[in-house]
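Subject: Structure handover

Hello,

Here is the structure I promised to pass on. My notes follow below it.

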Amino acid sequence: MKKIESKHLLGLEKISKKDIETIIDVGFTFREVLERPIKKVPVLNGKNIVNLFFENSTRTKISFELAEKRLSADVTNFSASSSSVQKGETLKDTIQNIHVMKMDCVVMRHPVPGSCLQLTNYVDVPIVNAGDGTHEHPTQALLDMMSIKERFGKIEGLNIGIVGDILHSRVALSNIYGLIKMGANVKVCAPPHLLQRGIEKLGVSVCYDVDDLIDWADAINVLRIQRERMGIGLIPSTREYRTFFGITNERLARHKKELVIMHPGPINRGVEIDSEVADSDQAIILDQVLNGVAVRMSVLYLLLGSKDFE
Amino acid sequence: MSKRTLNSKGNILLKNGRIYDPFLLINEKSDLLISDGFIEEIKKDIKIKKDFDVIDCEGKIITNGFVDIHAHFREPGFEFKETLETGSTAAIHGGYTRVCTMPNTNPVIDTPELVKFIIDSSIDLPIYIHPIGAITKGQKGLELAEIGQMIQAGAVAISDDGLPLTNSQLMRYALEYSKKFGIPVINHAEDCCLVNQGTMHEGDVSLNLGLVGNPDISESTMIYRDLAIADYVGGSLHIPHVSSSKSLDVIKFFKEKGVNVSVEVTPHHLALTDKALQSYDTNAKVAPPIRSDIDRESIQNAVCSGLINCIATDHAPHSIVDKERDFNNASCGMIGLESAFGVTNKVLKDKKTVESIIDLFTINPCKIINIEPNLIMEKKLAELNIIDPNIKWEFKPSSIKSKSSNSPFVGEKLIGKVMMTINKGFCINNF
Ligand SMILES: [Zn+2]
């Protein structure tokens with residue numbers, strides 16, 4: 001069977017290009033499995049996977065859970081509210097509470113950067129980062145890359161734009177690390193105060209004009225504008241955001257070009273993207289959802305599996 | 001030499017050492033006899049008698065005890081992190097004979113009674129404690145505390161450390177009022193709005209780690225404000241734990257204008273960069289944060305040029321549960337008393353003379369808070385260190401005397417060590 005070098009999937013910054021390629025390739029194989037009448041393979045029979053979610057994320061959690069069940073793993077869900085994190089229960093306490101369950105793998109979502117890496121100090125099973133705050137969300141970036149590859153047949157040499165609140169995004173960094181590693185050109189577009197200082201050092205170019213981005217890109221990844229960012233004055237209003245950064249019908253019509261539109265969901269229709277755009281043929285948002293399950297199956301299989309499947 | 005604690009009631013003969021006392025401008029080879037904790041005799045070739053404990057000080061420097069003007073001993077209120085006793089024990093094992101304790105305890109040290117409590121509690125401890133009183137009642141930043149009476153009770157400076165004094169008008173009042181008492185005002189210089197809940201230095205490393213960055217301008221703008229006020233109203237301002245190159249530029253500008261300002265740096269800001277946080281090591285999470293290599297270089301240069309006056313530890317003990325958290329929720333601070341000299345000397349030994357490195361721990365901090373230790377003279381109560389500036393040693397967790405062990409220097413090889421400290425009739429032997 002195919003193998004990867006990584007013991008965990010903590011992020012895409014440190015993982016090799018070869019591992020990313022393998023995960024995506026195997027992801028396509030699982031994508032076929034998902035098209036079959038019987039969508040289940042017995043490769044992780046008897047393995048116990050814990051989904052440890054310290055913050056709400058219905059979509060990511062459902063996607064992981066489905067991936068685990070399709071691989072015939074036993075699934076345990078453990079949700080801790082982020083308030084218990086703030087109250088001071090340490091990560092170690094929580095982990096020791098579930099350690100007794102003899103898990104084979106932990107999938108963790110946590111609001112604080114670095115938490116998954118810290119977890120590797122306390123448990124010796126593979127850990128999959130399902131999002132650690134504004135740090136990495138590697139499976140999202142992997143599914144985005146898989147969707148790009150599905151559409152274009154390649155990643156290398158493509159111009160990929162990312163537009164939105166890059167600073168507070170949980171998916172931007174992983175996308176940047178992954179895409180650059182795979183040879184794509186990446187340009188980020190955001191209100192200047194919603195970009196990390198020095199982000200060019202990651203190898204991306206920066207623009208503030210979404211029309212420039214559209215002109216340049218083969219595909220753009222439209223990030224969700226979180227409504228809680230508006231309360232603290234970072235975004236003056238949804239209509240102002242839409243005026244300057246919204247992927248609107250009119251804006252796309254003006255450009256008259258083929259452009260693939262991605263969105264990690266959930267969508268704020270009428271804010272960062274218009275309904276018509278999100279539902280149009282150029283959007284691959286639903287493929288992303290399906291590829292999400294496939295690529296997560298791939299990751300879990302490559303980290304935990306011991307036998308081939310057909 | 002075997003590891004033992006000498007009985008300071010007896011006679012200790014320090015043989016063949018070099019005595020360096022910058023207060024007395026002494027720097028010469030001589031023997032020194034201590035008897036019942038007092039300096040009995042200083043001269044060349046003191047004859048050995050049979051009841052003497054003889055310490056061979058060849059190649060070593062006998063100098064004044066160290067003075068730390070910035071430490072957190074956590075008592076009262078947070079005795080699970082440190083107490084006056086455990087803090088003092090850690091201090092004397094690092095060569096410190098005098099420590100200024102910050103008032104951010106519970107209750108906050110903001111009255112003469114509480115200052116007196118700290119001083120009274122330290123009478124039987126192996127070090128002298130000089131409390132720092134709060135600037136504002138309860139460190140709430142709203143109204144001045146009883147600064148005058150705290151000074152009368154023995155406080156040596158005022159600070160709301162841990163929290164910046166955000167109200168600029170109160171900063172003006174504090175600097176003006178402090179002129180009557182001749183003590184420095186110490187403000188933890190960070191603009192909280194610019195800190196923006198940043199947990200580490202904003203730079204390349206925070207970018208990679210996805211952590212919210214605390215930019216260097218959060219410090220330099222606050223220091224600019226404080227110095228502009230001090231320039232306007234007078235008073236003396238002491239800047240704690242300076243962390244950035246930009247702040248040093250600001251300080252230089254106002255110092256050249258004649259503002260009465262002094263500056264301390266911690267061993268960790270002197271020795272480390274934000275790369276120490278690359279694997280989210282919460283032991284290196286401090287406030288202000290450890291910054292870039294450019295900042296570290298500026299700090300080292302400023303120590304060499306004298307712009308930075310002294311080393312202060314910002315000894316900040318935290319229990320394991322305070323540190324073993326996710327990065328955002330882990331407490332800020334590290335212990336420092338036991339590793340301060342080894343860390344500092346390792347960084348500076350090729351840039352400065354050993355005497356001028358020692359000054360950073362002795363005469364320079366004393367000048368800032370206007371105190372004088374027991375000098376190295378006959379008939380004085382012995383308050384001194386024997387230093388080996390060249391010895392390489394490992395900072396081992398098992399040797400830590402502090403109640404906490406949060407430090408990224410644990411397990412590191414350091415250079416230069418205080419081999420023996422004699423103070424208040426106590427003798428700590430690290431030979
Ligand atoms: Zn401070």
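How many residues does the contact take from chain B and from chain A? It takes 17 from chain B and 24 from chain A, where contact means heavy atoms within 4.5 Å.

First, the ground rules. This is a predicted model, so local features need pLDDT of at least 70 and side-chain atom pairs count only at pLDDT 80 or more, while totals for chains, interfaces and linings use all residues. Residues are numbered from 1 along each chain as its sequence is written, chains are lettered from A and ligands numbered from 1 in the order written, and side-chain values use heavy atoms, leaving out hydrogens and water.

Now the interface. Chains B and A bury about 1,700 Å² between them, 53% of it on carbon and sulfur atoms. Buried area is the accessible area (1.4 Å probe) that two parts lose on being put together, summed over both. On the chain B side, B:L207, B:Y280 and B:E324 lose the most area to chain A, together 36% of what that side buries.

The count between the chains is one salt bridge. The side chains of B:D204 and A:K201 form it, at 2.9 Å, N to O. The rule asks for a side-chain nitrogen of Lys or Arg within 4 Å of a carboxyl oxygen of Asp or Glu.

Next, the zinc ion. B:D161 (OD), B:H188 (ND1) and B:H241 (NE2) coordinate it at 2.0 to 2.2 Å. Donors are N, O and S atoms within 2.8 Å of the metal (3.2 Å for Na, K and Ca); water is not among the atoms, so sites may look incomplete. The spacing along the chain is D-x26-H-x52-H.

Best wishes
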